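Subject: Structure handover

Hi,

Here is the structure I promised to pass on. Please open it alongside this email, as my notes follow below.

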Amino acid sequence: MRRLPDLLSRLVVHDDAAHRLGGAVPSPAAAFLFAMIALPALFWLVMLKRTTVYTAPEEWLMTNVVEVVHRWVETNLPPLETAIIGLSALGSGWFVALAFSALGLLALARGRRDLALLLAFGTLCFPMEWALKYFTSSDAINVVALVSAMFNVNDIGLDDIADFPAGHALRATVLYGLAAFCVARLAHDHRQGQVAYLVAAVIIGAISATRIYLGAHYPMDVLGGWIAGASLLAILVAIHVLRVDERAHARELAERASRPRRRVAVPRREPAVPKQPEA
């Protein structure tokens, strides 16, 4: 029986490519495959959200579980309530923008322009969120209201004008996913990359859970944020890894072309002298 393909394996075109890419870099083929599956799923989820504001199980969960737990924690454990609000802020737009800027500057300071460029493209999560909110809102949204909500004018933010997708979940998926990839990109140990991915997944899940706990989003909105963010993340990672592999392959071809060809001296054979017949 054949084994399932390892999603962390990839084609190594140079002996030193695996070392320079780190030990837990995803396969570009697997990343593109994930994006090709996630994007249609996001499309159908958008269609469902436009026709159904929320489902019956979601409404039961928010009313009978989340609201009760929230009320109890708010009354009996105020410090925990403050900590949850602080955790939710780790996915806010301003924090994510500042985090992208800080990580990009750190990468430039370390001489890693490739990672700085990757982090810069990670900010595409913002227009992606704006476009999804614009097209999935049940109410008509004009461009002026959308721009005002981006800057939280009159305390009206993006989540106030459109629930889908959960912006905190989308932004957190891209930010912490790219941060984990950068760690795996630089780490030489396979386990370090896996630990980075695990920590990122825990942070993303915790931030998303706070949005449900605070009653800001339904689970469907959070799921949409995950799918949208993961799709963008997969495409960026796949393109980055392909570029690195192509540069390694081009370097290998250049080294082969620059190597002098060895010439092996072959001793010349003297022509055989025919024997004279004896008299």
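At what angle do α5 and helix α6 pack, and how far apart are their axes? The angle is about 165 degrees, and the axes are 7 Å apart.

Before more detail, some ground rules. This is a predicted model, where local features need pLDDT of at least 70, side-chain atom pairs count only at pLDDT 80 or more, and totals for chains, interfaces and linings use all residues. Residues are numbered from 1 along each chain as its sequence is written, and side-chain values use heavy atoms, with hydrogens and water left out.

**α5 and α6**

Helices here are DSSP runs (H or I, at least four residues), numbered from the N terminus. Axes are lines fitted to C-alpha atoms over the stretch in contact, and angles run from 0 to 180 degrees between N-to-C directions. α6 covers residues 113-122. The two helices, α5 and α6, are therefore roughly antiparallel (angles over 145 degrees). On the α5 side, F100, L103, G104, A107 and L108 make the contact (heavy atoms within 4.5 Å). They meet R113, L115, A116, L119 and G122 of α6. By class, that contact has 7 nonpolar, 2 polar and 1 charged residues. Nonpolar means Ala, Val, Leu, Ile, Met, Phe, Trp, Tyr, Cys and Pro; charged means Asp, Glu, Lys and Arg; the others, Gly among them, are polar.

**α10 and α11**

α10 packs with helix α11 (residues 190-213) at about 170 degrees, their axes 8 Å apart. That makes this pair roughly antiparallel. From α10, the contact includes H168, A172 and Y176. From α11, it includes Q192, Y197 and R211. The contact residues divide into 13 nonpolar, 6 polar and 1 charged.

**The second largest pocket**

The second largest pocket has a volume of about 560 Å³. A pocket is an open set of points on a 1 Å grid over the protein atoms alone, where a 1.4 Å probe fits, with protein on both sides within 12 Å along at least five of seven lines. Volume is the space filled by probe spheres set on the points, which are joined across faces, edges and corners. There are 20 lining residues (an atom within 4 Å of a point). Closest to the centre are G93, W94, A149, M150 and R171. α7 gives the most to the lining, with 4 residues. The lining divides into 8 nonpolar, 5 polar and 7 charged residues.

**A cis peptide bond**

The bond from F164 to P165 is cis, with omega near -10 degrees. P165 is in the loop between α9 and α10.

Best wishes

Notes
Parallel < 35°, antiparallel > 145°, perpendicular 65-115°, else oblique.
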